[in-house]
Amino acid sequence: MATGLGLAATLYTTAALAVNDLPGGPAVNQLDLHPPVTRIAAEQQWLHYFMLVICMVIFVAVFGVMFYSIFKHRRSKGAKPANFHESTTVEIIWTVVPFFIVILMALPATKVVVAMKDTTNADLTIKATGYQWKWGYDYIKGEGEGIAFVSTLDTSHRLMSDSGKPEPTDDYLLKVDNPLVVPVDKKVRIITTANDVIHAFMVPAFGIKQDAIPGFVRDTWFRAEKTGDFYGQCAELCGKEHAYMPIHVKVLSQADYAVWVEGEKKKLAAKADDPAKVWELPDLVARGEKVYAANCAACHQASGKGAGAIKPIDGAAVVLDADKTKQIAILLNGQNNGAMPAWKHLSDTEIAAVITYTKNHWSNATGQIVQPADVLAARK
């Protein structure tokens, strides 16, 4: 029995050591705050320690006096209790001292809070939109204006989680297909909102956490002082797949960022499909397979069989229905109170392609085709 327990402990320790600290993300057995990468995060860390010291001093002083009084004036030594009340001196002391302690704590905290809220004069403005369960990024001002994409948990990590036996990996459930890319030493304003429920955009190394609320706009900012990869997560319980909404921010040098922007704009130009274009079935199916793998397979699985509460697509009545507008409406608007999210952020061609793919894959051999113009008409 003891041998078995020892072997199990050894195997557990070996597995734990197989995972290393993730630079820019959580560390193994991390207890403290993330190493700061922005001035705001450094100020927050300093405030954390400063407040901790003040609280510790108050704790030691108050309990020190209390225990000293209990010991010094105990009855067994014949101590006689003092009989006094309405001491003006005592009342002044216990009013003035806490007042100065509060001021001592409030001044530096107020300075940092005011700095955290100053989103003016940003070099780059990015809108972060929370979806169940992914992030959409739109570069709306500054270098890279016009770039937009969706960032989703890497499919391999979702499969590891579903298996219940994830492989040891440093960035488990933090790897995404499209990280948010920003330049170093530039003020980046993040505008947050949401498409369905309340989410929260949080990157601890930057010292930022801002709720993303449907129908409202909030903002925060950061200025990364070094290049690298930094990680965060949605910090607001937003549904059953809340754990699958990681945030990956890649900070590049200005030169590398300019190269990235140029590459992304070329990709956007290549993806700029004409919604009036009439596609052939094989071409739409091939395009739809890629869209499905990037956006749908995480829930509905590559087999189209679904899992648990996720309905299967293979053999689904709405997919086999000759009325293609029903499936278009589901992708545009979602259903079941958000269990199936809306996919309006996909282009008309992408939606048409993925619907055509599902109608002509697995056991679904309908031969039906949905054109981008059909999706465009349904949006109106």
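This is a predicted model: local features need pLDDT of at least 70, side-chain atom pairs count only at pLDDT 80 or more; totals for chains, interfaces and linings use all residues.

Residues are numbered from 1 along each chain as its sequence is written, and side-chain values use heavy atoms, leaving out hydrogens and water.

Let us begin with helix 5, residues 254–271; helices are DSSP runs of H or I with at least four residues, strands are E runs of at least two, and both are numbered from the N terminus. Its 18 residues reach 26 Å from first C-alpha to last, close to the expected 26 Å, that is, 1.5 Å times one less than the number of residues. Y257, W260, V261 and E264 are buried, meaning under 20% relative accessible area, with exposed over 50% and partly exposed in between (1.4 Å probe, protein chains only). The buried residues of helix 5 fall within an arc of 105 degrees, so they line one face; the arc is taken from the directions from the helix axis to the C-beta atoms. On the other side, A255, V259, K266, A269 and A270 are exposed.

I turn to G232, in strand 9. Is G232 buried or exposed? At 6% relative accessibility, G232 counts as buried.

Finally, I58 lies in helix 2, residues 39–72, and is partly exposed at 34% relative accessible area.
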